[in-house]
Amino acid sequence: MARHIAANFVNLLIVLLVIAGGLFFWAKAEFTRPGPLQNSIYIEVPRGGTVSRLSKSLEEQGAVSYGLIMRVASDYNGQASQLKFGNYEIPARASMADILDIVTKGGAGSFRFLANYRIGIRGAKMTLSEREPGTGKTEELAEFEEGGELPEPYAKLVDAKTPIVYRITVAEGTTSWQIVESLKQADFLGGTFENVPPEGMLSPNTYEVRRGTLVEDVVEQMFNAQERILAEEWENRAEGLPFDTPEAALALASIIEKETGVAEERAEVAAVFVNRLNKGMKLQMDSTVEYGITNGEGFLERGLRRSELSKKTPYNTYIIEGLPPGPIGNPGRDAIHATLHPNESNNLFFVADGTGGHAFAETLVEHNANVAKWRKIEAEKRRQNNGG
């Protein structure tokens with residue numbers, strides 16, 4: 001009898017082992033086989049997210065057939081603790097193994113909805129775009145100025161708590177006051193911030209943030225970035241420059257940023273300023289005069305008046321010797337680099353040439369000829385605008 005029971009137990013054990021083995025190989029095949037997803041989708045892995053919650057969500061969306069297999073496999077492979085928060089695109093037919101690789105390796109995030117908040121000297125605008133799953137094509141859904149009523153497509157996404165990637169893009173030359181004021185108007189940022197950082201010490205760049213990020217944290221990130229850039233560029237500066245502090249370099253870089261929007265010209269404009277400083281000539285730049293009038297709070301909607309050009313302020317480079325007491329905006333890294341690595345040139349003057357760039361000259365005679373050409377171009381533009 002005992003022998004019979006033992007034999008049955010062995011047989012049962014064998015059957016169970018066969019079943020377990022079959023289940024193991026079936027689960028392994030399910031884990032690696034193409035998934036049921038017919039079209040790409042976007043998912044968000046929040047901070048503190050777990051494979052358990054992720055697998056349930058994917059099962060509800062039809063991206064995986066057996067969430068339990070995904071959970072068990074992630075524990076077995078050691079991936080359960082390696083989730084990277086962010087937004088990800090899950091391609092059609094992705095296996096559970098593929099999905100786990102995507103959400104644990106991290107890297108550049110994918111997104112469906114992108115809100116790009118662009119800050120410039122004339123204010124800030126938000127552009128809402130949607131990325132088509134599987135193709136990468138984007139469609140603009142709305143463009144609007146912050147501070148007013150939110151457009152319906154954007155408001156609906158916010159109300160539904162739909163994941164949106166937010167990017168803040170700051171234009172070169174924007175003042176610290178303009179940046180802070182625009183950040184305070186952004187509906188997706190939180191907290192209050194009253195202090196305006198030192199002029200020139202916020203790095204113009206693109207910053208990716210999450211909804212609810214504090215304005216203070218964004219400003220700190222910009223400040224730390226500019227501090228690092230200035231230190232690196234100053235450390236590698238050219239020899240023989242007519243200034244001896246990083247702060248002076250930042251002031252000159254901010255003027256260069258205001259005076260030319262052509263990347264290839266920055267080092268030549270820097271050469272003009274360096275040459276003028278070396279010769280004891282005044283810089284004579286309208287951009288510094290304007291800053292002395294506005295103090296960086298807003299901008300003039302008109303040209304400078306003759307009385308303003310002759311008005312004495314610490315920033316009027318038609319009157320003061322050398323550099324102004326500080327920057328007149330926030331320069332980008334390229335302008336800082338150009339300031340500290342100017343071209344070798346004898347040019348002392350430059351004026352607009354009608355193409356978006358500038359004409360440079362070594363002598364006043366050459367410069368006056370270039371100015372005459374520019375005035376002729378300006379006159380022709382006015383004539384055409386007036387229908388002449």
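**Contacts, rings and a pocket in a predicted model**

The side chain of Thr 174 has a polar atom 2.7 Å from the backbone oxygen of Ala 171. The model described here is predicted. Thr 174 sits in the loop between strand E6 (165–170) and H6. With 0% relative accessibility, Thr 174 counts as buried, because the cut-off for buried is under 20%.

Aromatic rings were examined next. A pair of aromatic rings is described by the distance of the centres and the angle of the planes. The count comes to six aromatic pairs. One of them joins Tyr 117 and Phe 188. Their ring centres are 5.6 Å apart, and 85 degrees separate the planes. The pair is therefore edge-to-face, since that class takes angles over 60 degrees. Tyr 117 belongs to strand E3 (residues 113–120). Phe 188 belongs to the loop between helix H6 (176–185) and strand E7 (206–209). The pair therefore ties together parts that are 71 residues apart in sequence. Both Tyr 117 and Phe 188 are buried.

A further pair is formed by Phe 350 and Phe 360. Here the centres are 5.8 Å apart and the planes meet at 40 degrees, so the pair is tilted. Phe 350 lies in strand E8 (residues 349–352), and Phe 360 lies in strand E9 (residues 358–361). The pair thus ties together parts that are 10 residues apart in sequence.

Tyr 117, Tyr 166 and Phe 188 form one aromatic cluster. A charged side chain meets a ring elsewhere. Arg 237 lies over the face of Trp 234, at 4.0 Å from the ring centre.

The largest pocket was then considered. Its volume is about 1200 Å³. It is lined by 38 residues. The closest to its centre are Glu 259, Met 285, Asp 286, Ser 287 and Tyr 318. Several elements contribute to the lining. Helix H8 (246–259), helix H9 (266–279), helix H10 (286–294), E8 and helix H13 (364–385) each supply at least two residues. The largest share, six residues, comes from H13. By class, the lining holds 19 nonpolar, 11 polar and eight charged residues.

Two of the residues closest to the pocket centre, Glu 259 and Ser 287, are also in contact with each other. Their side chains make a polar contact at 2.7 Å. Ser 287 is found in helix H10. Its relative accessible area is 14%, so Ser 287 is buried.

Backbone angles pick out two further residues. Lys 161 has a phi near 55 degrees, a positive value in a residue other than glycine. Lys 161 is placed in the loop between helix H5 (152–159) and E6. At 73% relative accessibility, Lys 161 counts as exposed, because the cut-off for exposed is over 50%. Gln 284 also has a positive phi, near 55 degrees, and is likewise a residue other than glycine. Gln 284 is placed in the loop between H9 and H10. At 35% relative accessibility, Gln 284 counts as partly exposed.

Distances along the chain and through space were also compared. Glu 194 is in the loop between H6 and E7. Its relative accessible area is 61%, so Glu 194 is exposed. Glu 194 and Lys 258 are 64 residues apart in sequence. Their C-alpha atoms are 26 Å apart in space. Phe 111 is found in the loop between helix H4 (96–105) and E3. Phe 111 has a relative accessible area of 13% and is therefore buried. Phe 111 and Ile 41 are 70 residues apart along the chain. Their C-alpha atoms are separated by 9.6 Å.

Note on methods: Residues are numbered from 1 along each chain as its sequence is written. This is a predicted model: local features need pLDDT of at least 70, side-chain atom pairs count only at pLDDT 80 or more; totals for chains, interfaces and linings use all residues. Side-chain values use heavy atoms; hydrogens and water are left out. Rings of Phe, Tyr and Trp (its six-membered ring) pair if their centres lie within 6.5 Å; planes under 30 degrees apart count as stacked, over 60 as edge-to-face and the rest as tilted. Helices (H or I, at least four residues) and strands (E, at least two) are DSSP runs, numbered from the N terminus. Buried means under 20% relative accessible area, exposed over 50%, partly exposed in between (1.4 Å probe, protein chains only). A charge sits over a ring if NZ of Lys or CZ of Arg is within 6 Å of the ring centre and within 35 degrees of the ring normal. On a 1 Å grid over the protein atoms alone, a cavity is a set of points where a 1.4 Å probe fits but cannot get out, and a pocket is an open set with protein on both sides within 12 Å along at least five of seven lines; lining residues have an atom within 4 Å of a point. Grid points are joined across faces, edges and corners, and a volume is the space filled by probe spheres set on the points. Ala, Val, Leu, Ile, Met, Phe, Trp, Tyr, Cys and Pro count as nonpolar, Asp, Glu, Lys and Arg as charged, and the others, Gly among them, as polar. A polar contact is a pair of N or O atoms within 3.5 Å; within protein, one must be able to donate a hydrogen and the other to accept it, and residues adjacent in sequence count only if both atoms are side-chain atoms.
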